[in-house]
Amino acid sequence: MSPTTGQNNHSTRMGEVLIKHKLIKESQLEQALELQKRTGARIGDILLAKGWVDPLDFYPLLASQAGHETIVAPAGEHEARFGEVLEAYGLLSAEQLQEALELQEKWGTRLGDIILAKGWVRTLDFYRAMASHSGHRFINLTVDPPDAALIDREDLQLYGEYLILPWRREGKDVWVVTADLTPPTEEFIRERFGDGVKIAITSKFDIIWELQRNANPYYSQTAVSALAVKSSEYSALQVFTRRQLGVIYCFFSALLLFLTLEPVIALITINTFIAIFLLVNFGLRAMLAWVGGDRHIDVKVTDHQVSVLKEQELPTYTVLVPMYKEPEVLPILADALRRLDYPLSKLDIKLILEEDDAETIQAAKELELEGIFELILVPDSLPKTKPKACNYALNFARGEFITIYDAEDIPEPDQLKKVVAAFQMAPRNTVCIQARLNYYNARENWLTRMFTLEYSLWFDFYLPALEALNIPIPLGGTSNHFKMHILREVNAWDPFNVTEDADLGVRITQLGYRVGIVNSTTFEEANSNVLNWIRQRSRWIKGYMQTYLVHMRHPLHLHRSVGAIGFWGFQFFIGGTIISTLAAPFLYLMYIIWLMTKTHIFDIVFPPSLLYISLFNLLVGNGYLIYITTLGAFKRNYYSMIPYGLTVPVYWLLISIAAYKGLWQLIHKPFFWEKTQHGISRYTPLARRRALRRNA
Amino acid sequence: MLPGACDVETNVNNKERLSMGKVWGSVVTAVFLFTGALAGPEAWAVVQPSKVVTLEDLGYEKGSLIEAASANQTFFFPVPLDLKISSAQLQLHYNASPELNKHAYYRIYVNDMPRRTVSLSGPREQHVLNLPLQAGDLKQRFIKIRIKSSLPVTDNRCLDDRITAGYLHFRANSGVQYRFHGSPKTIRAAWELLPRKVRVSIPAGKLDEEVFNAALLMGQALEANGKKVLFTTLPVLGEIVIAPKLALAAMGAKSVGNNQLGKGINAALMVMKGRGFIAVTDPFVGSNVFFEQPWIGLASAGRYQVYPVSSKLEEGKSDRYAISLSDLGLDIKNSEMYRRIEWGIAVSSDQFPAGYFPDTMLLQVVSTPSDSETPVMLYVYLNDVLQEVVRLDNNGKKQTVAVRLNRADLKRHNRIRLLAQRKVIEGNCEGDPERFPIQIHPDSSLQAVPDETLPASMADLSNYLRKGVDIYLPRDYLSRPLSVLGLLSRMGANLALPLEVKKIHYFTEDAEVAPVGPFILVGNAKSVFKNPPVRFDQGHIRVIDKRGQVLLEASELPGITVGQLVQTDRYYGLWLMPWSLTALPRLDAMYSSDGDVVFADSTGVLLTLHSDKPGLARIVYADAQNWFDVIGRYRFWFFALGWLLLTVLIVHLYRQARRHKTLGSWLG
């Protein structure tokens, strides 16, 4: 139905009606009429184009003037008719409707979801139109908030999943609002609230915000306590168990005594332990590089396998993006997510922001993001960690699969599809797929180059090899993809562990599940500032220490659950990383002092056989590590970075500095989240401008 | 051919040949200042009426052992000069294996003529043979004694060649005994008659530098001639007296014969109280002269850089010297080989100009052709390390074999063995087996090239110091010369040092010494050395092994002398630090040591080590405290502190764990 008749009289009448309802001013009407004379356009279009009247005020008024209570859709396909309604309201153009219909056929999803995902209609307009179209009452929760007394805490998660919320009781009637008017939702509402329940429509964001507003304490508590309450043995809430403290105390007391009574033998013993440990560690890493270097290990999901996926059958995918004080990278992230080769209407993207991060919240609002982007505001509480925020957002996640991206991440567009394919190909007990990480600003400076070389080795060699050898995989911080129900079953992330990803990877393996690696890369921003890098790395190593302590509470159980290879792999890959980074400065120092002064003071703790092992470690072991560091560059075709591989010992020294900082924090501030500042790369402004331009 | 060259076709103990060069050098070495004949000595009571030159004097300290079935061994005994020999006899003390059969014998050739054949059969092992020598045998400078032996134990000659059941050992005391008429008339004759142990008398009290220097040079010359030198102070009379003319006159010593001491004459035979001696007096020139060709070069080699006439720069190769192998004693006569034949020579780096070392051996060889299945193989050994194996051409022509000597295998005194061998396919074991001629020609030579390497061990010092050396001595030693002269004399001889009077410096104890070239420093001086291996300013010195056990407590053994290789910015040198010189250290083993530090006392080198390779032993300073010592001393306090800190840490973590154990702290 046309918004105007095209006749002046009718226009004047409609204009008067609008003035009468105080929706426009007389001067605006005069200007609109003047424009109508010149252009011949309809008065309604002019008023709407000028933005002088809200469409949702305008259309109901227009309908009532025409004698309709609501705009009645023609008989036939319901969704198509809703599209027509939106078109009739002028909310959607014919071309957009046509495109939406085509996408609906392609993606196999609801038209409304597509329209919202595309951002063609403002969310509030959309839901008002939907209410109008479906004959339901529309309730704006920001104006008419729900009655908190009706909200049942036990059902909060279901509210989030079904996007419903009990609103108010009016007389005998209980009103429930929903943003997802589907038969299952209606069935659930009636099951929960009785057949006499009244259903109204509201915006999904209003539901989420109201849920948060009313149930924040619950969500916060769940986010923090779920793992600690249900599986306390896996929680890092307690950094050291009593038994661990006892063992540590006895061990170091004995060591001190040993050092006092037989200092030379004790030092030789310590030296021997370190030398042999490092030797085995080198051996493990050599084996990992060997296994990871197998060319077949890279062929996981082919382009062909991705291309044969049917988009109609693709599941809903939740993408969590925890952010904190990173407004500058938000456009880059949004742009990267928009470019994901995945049906937008099946994306459930949660931008997880801290309540006190007004800067990023404001930036997100100003971006006017499409409906696929949901803002989740995490209330300010301790521990203020990324896993807690993710746990919090998990309450609102609706996907079958879920993944996490950092704010500065740029995943390869086909990553989600590759993961879906990988899950289809993988054994049933594979519940997590880790994508590879690398850096888009690799050549920015020496640090970013080294970081890139390290990541190339880590994700292109080590992790695939760990997967192949069935050794627990310490997941990388982002781009790990889970089956949603398993993630919830294992109580998601440990909010007290500052490398919650690594911990989750080991925990998953311990629980009998598998973690896989997919041949898709997410490009991140490599830390280009040394101090910022040390903050980040100290957190990682502290988290490794937490992870090691948590999973070594019951070594026999760990051994039984992951097998001998997994157990020893864990000891040397996680434990080895910790010990080698802590021991390295002393070993370097000894070597440098010896080299410069030819002193013999160390001779006493280096009997010949030990000296040979230590020299082997120093020269051959480290030489080999330098070599395999450059291998990553070969694999990624970063040939210009190969010479930088020779400087990796300096990088190891930085890691050691970070390790000692991490150790210090483990003792004093175990749950403190050293925030890594993103967006400091010199490429960031350029990427931001490009993203904004593309979005515009 | 030079005397001393070994005509050997046996596995005779080559080690003993090492010192041969030294021996024949000693026999002809220089004496003092002039060689004029002395007229009419009335008394020379000190000289001995007879003299025995033994195998030991020739350098065969353990005698000569023959184990091969057939062998030739040649000895050159020097004939004393300027003395009337009344009689001489060859006296052989030998042991022969009782396993030898009836055909075993040895034959003595005197100056290449057979003089006696001695059967070796019989059960007795020890024998003595006296063979009188004739006047005609003594006309040459040397008596050539060649012993050809055949030591079969069975009639099967094939077997004989491969077993060593028989042996013949000429003991070290074998030699030639001379008896003389009258007294020596020349200094050279007196020098010849010097006993093996020579006493050198010097004035008592503080010496003038020039007297000290003269005594040092004399001591070195005597030691270099194989004498054992004992310095004494006047009025004790030694065989040699070094003193100013005034002192000699005051003693009542009188010259013998025509060479009265006077202006410009500074050596003479003198007598006092019926005892004769060689007097060396002022002006103390401090240098030697030569007295006879062709030994001039060898006699003065180290001092004047004059070399054997056969040692010459290679034509067109200005940096390369060559010495004929025959001059080095290689048998260049035609030899006959049955299965194998061996040649040996001893080569000392002293035989080359200072700063050169043997690099390549060029052999000109002719061997009898053999079929291709049994080629003649030539094996070249340097100090028992196989350097090269060469398959000789099978055409019977003269061929050149160049063998590069490995620098690392070279020592100061080297032994080179050449072994030619061929496989005999068949032979008549009952008869005399067929033999094949083979000869190394006289134009074979040893080439030497400049040695620019810097000393890394004591063994390298001789080569380095031979280019010229400064000696630094505390002036205090002039007051107690006996404590150091013997040591330095022996060192000068052992290292073949080119001692020069003008390069002997005296310094006040603890003064700073800054060497201006290669040097030897004795005593305590302010160290200007870079990182000396042993520091004397760190207190008590202790040598410990790799397990920390004490090998040596240096300061608890007052008779110990520490020798170390040190360096300044530009030069290397030897620093000897004697704690006390009451008992002179014996440093003989030091000169061939691979270490850069030695600890020695009067019994010899106690310990040698290399400071850069402290695998077996290393030096620590017991009084010096480093952080490790301090920690060790207070380790129980450190333990207490460490344990306290550990406890505090654990308590802290425990309390933290208790606090976090309840979620309440997080959830409020």
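Me: What makes up the contact between chain A and chain B?
Reply: In this predicted model, chain B brings 22 residues to the contact and chain A brings 26 residues. Two residues count as touching if their C-beta atoms, placed from the backbone, lie within 7 Å.

Me: Which helices of chain B supply at least two residues each to the side that touches chain A?
Reply: They are α9 (627–633), α10 (635–661) and α11 (664–667) of chain B. The largest share is that of α10(B), with 13 residues.

Me: How do the residues on that side of chain B divide into nonpolar, polar and charged?
Reply: There are 13 nonpolar, 6 polar and 3 charged residues on the side of chain B that touches chain A. Gly is counted among the polar ones.

Me: What does chain B have in the way of helices and strands?
Reply: Chain B has 11 helices and 37 strands. Of its 668 residues, 42% count as buried. Looking at contacts in chain B with a separation of 6 or more, 75% join residues 24 or more positions apart.

Me: Why is α8(B) called largely enclosed by the rest of the structure?
Reply: A residue is called buried if 20 or more other C-beta atoms lie within 10 Å of its own. In α8(B), 10 of the 13 residues are buried, so the helix is largely enclosed by the rest of the structure. Among the buried ones are Val484(B), Leu485(B), Arg490(B) and Met491(B).

Me: What covers the buried residues of α8(B)?
Reply: The cover includes α4 (209–224), β12 (228–233), β28 (470–474) and β30 (519–522) of chain B.

Me: How do you know that the span of helix α8 of chain B is close to the expected one?
Reply: Helix α8 of chain B, residues 482–494, has 13 residues.

Me: What is the predictor's confidence in chain B?
Reply: The mean pLDDT of chain B is 76, and 78% of its residues reach 70 or more. Over residues 1–47 of chain B, though, the pLDDT is below 50, and this stretch has 148 contacts in the model beyond near neighbours in sequence. Residues 286–311 of chain B also have pLDDT below 50, with 52 such contacts.

Me: What does the model score for ipTM and pTM?
Reply: The scores are ipTM 0.72 and pTM 0.57.

Notes:
Residues are numbered from 1 along each chain as its sequence is written. Chains are lettered from A and ligands numbered from 1 in the order in which they are written. This is a predicted model: local features need pLDDT of at least 70, side-chain atom pairs count only at pLDDT 80 or more; totals for chains, interfaces and linings use all residues. Helices (H or I, at least four residues) and strands (E, at least two) are DSSP runs, numbered from the N terminus. A residue is buried if 20 or more other C-beta atoms lie within 10 Å of its own, exposed if 12 or fewer, and partly exposed in between; C-beta atoms are placed from the backbone. The expected span of a helix is 1.5 Å times one less than its number of residues. pLDDT is the predictor's confidence in each residue, from 0 to 100.
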